[in-house]
Amino acid sequence: MANIKSAIKRIKTTARNRARNLGYKTNIRKLYKAAEKAVVAAAADAGDKVKAAIKAIDKAVQHGILHRNTAARKKSRLMRKAKKK
């Protein structure tokens, strides 16, 4: 355990940020998988689910949770699958 006051504060801040970031990432993963399933099943609402997933990915980049290249790769793969079906 840290002894210095600033290090203790940093540990608390890091834990809080990590919990918030995990929430974002979990939501992105959920939306991405739902969009993927809808595309594969050729569901009527596949377009809406793809849009929701892309919107969540873009917001994560704005908040600094995902790197922009990671987001671009995820969006590209999702769109490629959507265009195949």
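The largest nonpolar core of this structure has 16 residues, and Ile28, Ala35, Val50, Ile57, Ala60, Leu66 and Leu78 touch the most other members. Three helices, α1, α2 and α3, each supply at least two residues of this core. The biggest share comes from α2, which gives seven residues. Keep in mind that this is a predicted model.

Start with one core member, Ile28. What does Ile28 touch, leaving aside residues up to four places away in sequence? Its partners are Ala56, Ile57, Ala60 and Leu66. Two of these partners, Ile57 and Ala60, are also among the core residues that touch the most other members.

Now look at how α1 sits against α2. Their axes are 8 Å apart, and the helices pack at an angle of about 155°. An angle over 145° counts as roughly antiparallel, so α1 is roughly antiparallel to α2. The crossing of these two helices is left-handed. On the α1 side, the contact uses Ile28, Leu31, Tyr32, Ala34, Ala35, Ala38 and Val39. On the α2 side, it uses Ala46, Lys49, Val50, Ala52, Ala53, Ala56, Ile57 and Ala60. Sorted by class, this contact has 14 nonpolar residues, no polar ones and one charged residue.

Next, turn to α1 and α3. Helix α1 covers residues 5-40, and helix α3 covers residues 68-84. Their axes come within 9 Å and cross at roughly 20°. Angles under 35° count as roughly parallel, so α1 and α3 are roughly parallel to each other. Here too, the crossing is left-handed. From α1, Tyr32, Ala35, Glu36 and Val39 take part. They meet Lys74, Arg77, Leu78, Lys81 and Ala82 in α3. What classes of residue make up this contact? It has five nonpolar residues, no polar ones and four charged ones.

Gly64 lies in the loop between α2 and α3. Is Gly64 buried or exposed? Its relative accessibility is 59%, so Gly64 counts as exposed. Gly64 and Lys51 are 13 residues apart along the chain, and their C-alpha atoms are separated by 20 Å.

Asn21 belongs to helix α1. With a relative accessible area of 24%, Asn21 is partly exposed. Along the chain, Asn21 and His63 are 42 residues apart.

Key
Residues numbered from 1 in each chain as written. Predicted model: local features only at pLDDT ≥ 70, side-chain atom pairs only at ≥ 80, totals over all residues. Heavy atoms only, no water. Axes fitted to C-alpha atoms, helices over the stretch in contact; angles between N-to-C directions. Helix = DSSP H or I, 4+ residues; strand = E, 2+ residues; numbered from the N terminus. Parallel < 35°, antiparallel > 145°, perpendicular 65-115°, else oblique. Left-handed = near helix turned anticlockwise from the far one by under 90°. Contact = heavy atoms within 4.5 Å. Nonpolar A, V, L, I, M, F, W, Y, C, P; charged D, E, K, R; others polar. Core = buried A, V, L, I, M, F, W, Y, C linked by side-chain atoms within 4.5 Å. Buried < 20%, exposed > 50% of the residue type's maximum accessible area, 1.4 Å probe, protein only.
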